Amino acid sequence: MIHYSCKYAPIELFAAFGIDACLLDQEEENFERAESLTHANLCCHAKSLIQQSLDKSDVIIMDCCDSLRRVHDVLDFEGRQEHLYFLDLPHENNGCSRELFAGSLVKLARELESQTGKPFDKQRFFEACAQASWEFPQEDFIALLGGRVSPELQRSIENEMSLAVVNLTCCGSRGLEPLPEDAADMDLDSLMAWYAYALLRMVPCMRMTDVTGRRVLLEDPRLKGIIYNTVKFCDFYSFDYAALKDMTALPMLKIESDYMPMASGQLSTRLEAFSESLGLPAKQRSEKVHNMQGKYFAGIDSGSTTTNMVVLDGSGEVVASAIVRTGPKAERGAREALEAVCQQLGATPDDFVAIMATGYGRDNIPFATDTKTEISCHAHGAHHLNPAIRTIVDIGGQDSKVICLDADGEVSNFIMNDKCAAGTGRFLEMMARSLELDMDQMSTRGLDWKKDLTISSMCSVFAESEVISLIADNHSDNDIVHGLNKSIASKTASMVKRARGEAPFMMTGGVARNVGVVQELESRLGDSLFITESPDLCGALGAARYAWEEQQ
Amino acid sequence: MPSPFIKRLGQVIQRQTVTSPDRARALLMAAYSWVNLAGKFQMRGDVRAATERVNGGIAGTIVDSFRRPQNAVMVNIFMPCELIHAMGLVPMFPEGLSAYIANTACEEVFVEASEANDIAETFCSYHKLMMGVAETGVMPRPLMIANTTLICDANQLSFPRLANYYDVPHYVIDVPSEQSEDSVRYVADQFYELAAMLEDLSGRRLDPESLREVMVRSRKTIETYQRALALRGKVSLDTTMTSELCAMISTHIMLGRPEALRFMEDLLKASEAALPRGKEDKVRLFWIHTLPNWQDSMRAILDAAPQCELVGTDIASESIALPDPDHPFETMARRLVYGSMNGPAKHRLELALEQAKDANADGVVVFCHWGCKQTLGISQMAKHFFEQAGLPTLVLDGDGCDSRNVADGQMVTRMNAFIEQLKAVRA
């Protein structure tokens, strides 16, 4: 059995010697072994590949990128494989490069002949080549594009989407040209010349010099949307994504994966929001019975730090609201919020017609009658509060988002930060702890600064040590907090640009209460931010509006 | 922290970049013209003066490429440039420019511009910065872009994007990782094609005599450098991170130009002059990969050098076989194919070990520049490999041009602890 990781690997050649091939593509629980042999910042697929290859006897690595080249070096250095093959892969697809590649394939064939003691079996080679094909489905579908996705991640995506999902990432779309008619009469050199041509003719991955052939991936009329994956520390596909945004009008969702099990809450929020923006039916849920005798409609936003609830009466007016700490369990926070609004209204849970849940904990609220993502709910709430708004900046406890709206208040684009805490409320809390300040002090201290300090570190852990160094150098709290505000504003403004957000801007989420951050962000955006008295409640208001509108 | 003047200049350039990229470019040109001028007035014979002279030459090249971009060919740092020098064209090398920008304390606006245009935060900072300089409109449109696939994937991403951005012709020299004569022929053929393309686009003829003259100078430069390296293990020199970076540029992009030859001659003279004094009692460090010469805390340790001395860098001497003026195209191809940065990591490590031993190094620093998968990937192997050969090794995470990816205090602690460790080993 030969283990491989790249679609350009000549697995049909191995088949000609009776050797089956197995793709190494699984997720890993952690990268402890790989990081002890290489570096934490190597491509996450490469790290998973190192771990999966270490105990395999036969492995082929293609020289297709810097990271895989280093995977080969690590495996070679460790020396545990019986056979470790490394094959040069040209970047070009022209006569000279095909000749060079064909030469490498012939050399490999000779090597396999001597290792296995078997001759090159043409028939087996032809059968394997005939099996290497792919095609678009005959129904509407969503394409998975970009960097490779693990089978585990692909399954999670398929489970969330109501359309077929087709893997067209760098390792998908592996297919060879039909064999030439006179293949049976060809000698090994001629066959390898054709095979080199066929391999280099596959839909190119981004490491090739000429990537115009990738256009074919977008040309099928049944393609309804794109989920674009980038793998952490693999750089190729952020370039492709940036170019693709200008090339296609198809709806796109960008996700980042790291070959470890993904935080399901964050992934499902994005996928559900994407489904909502495509107008696709939501995945099947058990229907909750609405209490038609009730008189209130509520939205509950279960976030990582706080759970927020807004209640509307039959005419759609806000009659109660609550903000409580979420605590360790989403359900408990939600019940506390419900109790708080019931107390305000002198009501009981039976008085609610519908309760729409949103936020990370939305699926864990037993008394909710329906759910919607916080992306849609923020947009809906913001549009209700100020229909002119075109871009929402939401900075909550554990994530930050930029949501772009069209004139009808529908989501036209959104992006979220990934696993990194930099630029979120959690980041500010960490820094406040280092400075021994409370959050109210953090909000105002940075306004009265004297020395213009810059906290340059991108990473919140690095930033914390930078802050500690500044404290040790006797810089004032005010100057340090101002530096931190600039850092968050810079990261957020960059997200706004990436999302192509336009004025008028609105800011929601707990960090909107931080005057210093708001001021810095306004200066970076060159425009003012519309902020309501309770910026935390926008998502819950949107959810409540959805609940109310559905009954009208 | 940079000097107050540089900091102020950096702030002004950053502001101008947003409002008027032309003014930002003019300010950068004024700053680098000053560096160029300052280099011309260095009369001393030591390594620092030699560094300032060649640094001035490099800064002058940047200014030329900005002033007459229609004669500039944008290249990556590993592209052999003898064809370009022989045709009287100017190399524009944005990765080198990134290091200069970092030393002008204005990198932030450019890096942020790239990230706002969807470039991953984890991408190589040199390339991220150079794209920011281009896409903010500060770097002017060159005649064409030519890059090698060696030594890293970043070339395959940044340069096609810049070619598209500027809408200029683009040529890629594809370098196979197999070190063989077949690979040399494959690469040499591409240099012939590139020469034809340069002739077409510039309207200039590639005069074989001019190319020969440039190649002869390249040969002299490498010959002189080899002689200086042969003495390196016996002497102590007043080197700096910048002098090592200048050596790197002199054996790559500037190879074939008089400034590079002069630098190597100065280096040899300084080595010969230091020979009678022998080695000083300093810890001798051999460096792997690029150097963070923008970083004050590292300058305090490595440039002021009260306790240690940089005795070499693997990239500067990764491919220093003698050029053959009779076969210029094959020479350039051979330099790429047989360089230690091509092919398996063990080639690179074996050559680096030989160089470190020749330079009488006490220890090795493997500098993991942010985003460089080539060096990150070999860091633990390198540590194991050098330590097995008796050279203690420090794997140091940092960034050659973007302060945002650096934990300064942690780097200082690691470097100082390593120097203490090496001193203890000596004692």
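Mentor: Strand β5 (residues 283-288) of chain B has six of its six residues buried, so the rest of the structure largely encloses it. Before you ask more: this is a predicted model, where local features need pLDDT of at least 70 and side-chain atom pairs count only at pLDDT 80 or more, while totals for chains, interfaces and linings use all residues. Residues are numbered from 1 along each chain as its sequence is written, and chains are lettered from A and ligands numbered from 1 in the order in which they are written.

Trainee: What makes a residue buried?

Mentor: A residue is buried if 20 or more other C-beta atoms, placed from the backbone, lie within 10 Å of its own; 12 or fewer makes it exposed, and in between is partly exposed. In β5(B), B:V283, B:L285 and B:W287 point one way, B:R284, B:F286 and B:I288 point the other way, and all are buried.

Trainee: Which strands make up the open sheet of four in chain B?

Mentor: The order is β2-β1-β3-β4, with parallel pairing. β2 (90-92) and β4 (170-173) each have a single partner strand, so one side of each is left without a neighbour in the sheet. From one strand to the next, the twist averages 30°. Inside that sheet, strand β1 (residues 72-75) of chain B and strand β3 (residues 144-148) of chain B run parallel and are joined by three bridges. B:V75 stands opposite B:A146 in β3(B).

Trainee: Why are α15(B) and α16(B) called oblique to each other?

Mentor: Two packed helices are described by the angle between their axes and the distance between the axes. Axes are lines fitted to C-alpha atoms, for helices over the stretch in contact, and angles run from 0 to 180 degrees between N-to-C directions. Under 35 degrees is roughly parallel, over 145 roughly antiparallel, 65 to 115 roughly perpendicular, and the rest oblique. Helix α15 (residues 345-358) of chain B and helix α16 (residues 373-388) of chain B cross at roughly 40°, their axes coming within 11 Å. Therefore they are oblique.

Trainee: Which residues make that contact?

Mentor: B:A345, B:L349 and B:L353 of α15(B) meet B:I378, B:M381, B:A382, B:F385 and B:F386 of α16(B). Contact means that the C-beta atoms, placed from the backbone, lie within 7 Å. Sorted by type, the contact has eight nonpolar residues, no polar and no charged. Nonpolar covers Ala, Val, Leu, Ile, Met, Phe, Trp, Tyr, Cys and Pro; charged covers Asp, Glu, Lys and Arg; the others, Gly among them, are polar.

Trainee: What makes α3(B) oblique to α11(B)?

Mentor: Helix α3 (residues 47-67) of chain B and helix α11 (residues 241-250) of chain B pack at about 50°, with axes 9 Å apart. That angle makes them oblique. Their contact divides into five nonpolar, five polar and no charged residues.

Trainee: How many residues of chain B are in contact with chain A?

Mentor: There are 42, touching 45 residues of chain A. α16(B) gives the largest share of chain B's side, eight residues. That side divides into 17 nonpolar, 13 polar and 12 charged.

Notes: Helix = DSSP H or I, 4+ residues; strand = E, 2+ residues; numbered from the N terminus. Contact = placed C-beta atoms within 7 Å. Pairing = 2+ DSSP bridges.
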